[in-house]
Amino acid sequence: MGIEQWMIGFMEQFLKKMRGIIPTLIIYLTVLTIYKKNISKEKILEYDLPHADGYKGFWENSLSIQHPLASIELVEWDSSEALIFSDNKEIIDSFRKAFPLSEDLALYNQR
């Protein structure tokens, strides 16, 4: 199983489990950030951690990952939508293929 399939499966399972355990208010705006194994916690904490509530960067082009050391960011948006950001185009393409109703956020922002 490639990283793309693992990420999609992980996200599906994560969201299913969290909806049953954590109140909606907590998962209303969540950023799950994925870092490469070789990046230490101390190095990660040298920067502001990603956030969803009030972050205007989701709605402005050019889109980017919030944390400079992150590889992937998954944003749980209002318990019904998710945003995915990655520096790996294959991950984005795999996500879009697995979720055919998904939209390109950059194109959405141009409306």
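Let's start on helix H4, which covers residues 89–98 and holds both Lys-89 and Asp-93, four residues apart, or about one turn of the helix. Helices here are DSSP runs of H or I with at least four residues, strands are runs of E with at least two, and both are numbered from the N terminus. The side chains of Lys-89 and Asp-93 meet in a salt bridge, 3.0 Å from N to O. A salt bridge means that a side-chain nitrogen of Lys or Arg lies within 4 Å of a carboxyl oxygen of Asp or Glu. Lys-89 is exposed, with a relative accessible area of 59%, while Asp-93 is partly exposed at 38%. Those words have cut-offs: buried is under 20% relative accessible area, exposed is over 50%, and partly exposed is in between, using a 1.4 Å probe and protein chains only.

Before we go on, a word about what you are looking at. This is a predicted model, in which local features need pLDDT of at least 70 and side-chain atom pairs count only at pLDDT 80 or more, while totals for chains, interfaces and linings use all residues. Residues are numbered from 1 along each chain as its sequence is written, and side-chain values use heavy atoms, leaving out hydrogens and water.

The pLDDT is the predictor's confidence in each residue, from 0 to 100. Its mean for the protein is 79, and 72% of the residues reach 70 or more. Over residues 22–27 the pLDDT is below 50, although this stretch has six contacts in the model beyond near neighbours in sequence. A contact means heavy atoms within 4.5 Å. Where pLDDT is low, the predicted coordinates should not be read in detail.

Now for the overall plan. The protein has five helices and three strands, and from the N terminus on its elements run α-α-β-α-β-β-α-α. Of its 111 residues, 32% are buried. Among contacts with a separation of 6 or more, 50% are between residues 24 or more positions apart.

Arg-111 is exposed, with a relative accessible area of 69%, and Glu-103 is partly exposed at 45%.

Let's turn to the interior. In soluble globular proteins, nonpolar side chains tend to be buried together. A nonpolar core is a set of buried Ala, Val, Leu, Ile, Met, Phe, Trp, Tyr and Cys residues joined through side-chain atoms within 4.5 Å. The largest one in this model has 10 residues, among them Phe-58, Leu-83, Phe-85 and Leu-105. Strands E2 (70–77) and E3 (81–86) are the elements that give two or more residues to this core, and E2 gives the most, with three. A second, separate core of five residues includes Ile-72, Leu-74, Ile-91 and Phe-95.

Leaving aside neighbours within four places in sequence, Leu-105 is in contact with Phe-58, Trp-59, Asn-61, Leu-63, Leu-83 and Phe-85.

Finally, consider the aromatic rings. Rings of Phe, Tyr and Trp (its six-membered ring) pair if their centres lie within 6.5 Å; planes under 30 degrees apart count as stacked, over 60 as edge-to-face and the rest as tilted. By this rule there are five aromatic pairs. Phe-58 and Phe-85 are stacked, because their ring centres are 5.6 Å apart and their planes are at 20°. Phe-58 lies in the loop between helix H3 (41–44) and E2, and Phe-85 in strand E3, so the pair ties together parts that are 27 residues apart in sequence. Both are buried, Phe-58 at 1% and Phe-85 at 7%. Trp-59 and Tyr-108 form a tilted pair, 6.4 Å centre to centre with 55° between the planes. Ring pairs link Tyr-55, Phe-58, Trp-59, Phe-85 and Tyr-108 into a cluster.
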